[in-house]
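Keep the structure in view as you read.

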Amino acid sequence: VNRVPQGEASRKPAASSRLCAAGGRRFRPRVLALDCEMAGTGPRGKKSVLVRLTLVGRRGSVVMDCLVRPDVEITDWRTAITGIDESSFSDGSSGSIPLPSEILSVEDAIERANALLDDAVIVGHDLRHDFKQLRRFHQRRVLLRDTAFCPILRAALSRSRAGPPSLNALVQEWLDDFSFRDTGTHSSIEDARAAMLLYRLVAPQWEAYSRKKFGELPASVLEPVPRKRRS
């Protein structure tokens with residue numbers, strides 16, 4: 001199994017997910033990694049609501065990162081996990097992780113994110129809850145690369161457990177990064193970058209698997225592979 005050492009999602013993977021097209025041009029999926037943080041509402045804070053939304057590009061650059069102002073009363077901010085509390089929306093203070101300065105309403109955040117995601121293959125880890133917050137109830141499987149349900153990634157884990165593997169387990173196994181989330185607080189940027197790097201490590205195999213199981217990608221989500229600069 002090819003692995004890369006701990007590092008940013010901008011590091012070059014072992015191989016790229018290149019697709020051949022007519023005329024000799026090579027194309028690849030236009031990918032965005034998604035990660036959301038949620039707080040709790042209702043009795044004991046059991047119902048999740050969106051409080052942060054992040055999208056990163058293929059090489060880890062931040063495409064969108066904002067706090068999402070809840071439109072309901074929050075009964076559990078889950079600050080130990082999200083690093084977010086009520087003061088984050090008033091004075092911009094943050095605890096253990098940096099937080100974005102942009103604050104959007106729920107409707108504006110969902111609209112902006114979905115406009116970007118509609119033209120991309122979506123990468124992330126266990127995106128079921130994220131999609132629920134974004135009201136993407138009918139996400140096409142051919143346009144989804146969820147690291148929690150990738151058999152190629154899971155096959156490398158030394159021991160299996162019931163249910164999908166955690167992002168921590170995949171990062172430790174594939175990236176040899178044992179400091180990931182060592183504070184316990186989640187950074188949605190780092191989580192999205194980690195999922196993207198995992199995707200890029202096995203992209204050729206994953207794209208072949210997805211093509212066989214779900215069919216060809218639509219042309220609308222393909223982009224030309226950049227030409228290498230001549231030295």
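Q: How do α5 and α6 lie relative to each other: parallel, antiparallel, perpendicular or oblique?
A: Helices are DSSP runs of H or I with at least four residues, strands are runs of E with at least two, and both are numbered from the N terminus. Helix α5 covers residues 167–175 and helix α6 residues 188–201, and they pack at an angle of about 50 degrees with axes 11 Å apart. Axes are lines fitted to C-alpha atoms, for helices over the stretch in contact, and angles run from 0 to 180 degrees between N-to-C directions. Under 35 degrees counts as roughly parallel, over 145 as roughly antiparallel, 65 to 115 as roughly perpendicular and the rest as oblique, so α5 and α6 are oblique.

Q: What kind of model is this, and which pLDDT do side-chain atom pairs need?
A: Residues are numbered from 1 along each chain as its sequence is written, and side-chain values use heavy atoms, with hydrogens and water left out. The model is predicted: totals for chains, interfaces and linings use all residues, local features need pLDDT of at least 70, and side-chain atom pairs need pLDDT 80 or more.

Q: Which residues of α6 does α5 meet?
A: Contact means heavy atoms within 4.5 Å. On the α5 side are Leu 167, Leu 170, Val 171, Trp 174 and Leu 175. Their partners in α6 are Asp 191, Ala 194, Leu 197, Leu 198 and Leu 201.

Q: How many nonpolar residues are in the contact of α5 with α6?
A: Ala, Val, Leu, Ile, Met, Phe, Trp, Tyr, Cys and Pro count as nonpolar, Asp, Glu, Lys and Arg as charged, and the others, Gly among them, as polar. The contact has one charged residue and no polar ones. The nonpolar residues number nine.

Q: How are α6 and α7 oriented: parallel or perpendicular?
A: Helix α7 spans residues 203–214. The axes of α6 and α7 come within 5 Å and cross at roughly 80 degrees. The two helices are therefore roughly perpendicular.

Q: Which residues of α7 make the contact with α6?
A: From α6 come Tyr 199, Arg 200 and Leu 201. From α7 come Ala 203, Gln 205, Trp 206 and Glu 207.

Q: How many residues apart in sequence are the parts tied by Glu 223 and Arg 58?
A: Glu 223 lies in strand β10, while Arg 58 is in the loop between β4 (47–56) and β5 (62–69). So the pair ties together parts separated by 165 residues.

Q: Is Thr 185 buried or exposed?
A: Thr 185 sits in the loop between α5 and α6. Buried means under 20% relative accessible area, exposed over 50%, partly exposed in between (1.4 Å probe, protein chains only). At 9%, Thr 185 is therefore buried.

Q: How far apart in space are Thr 185 and Ile 97?
A: In sequence, Thr 185 and Ile 97 are 88 residues apart. In space, C-alpha to C-alpha, the distance is 7.5 Å.
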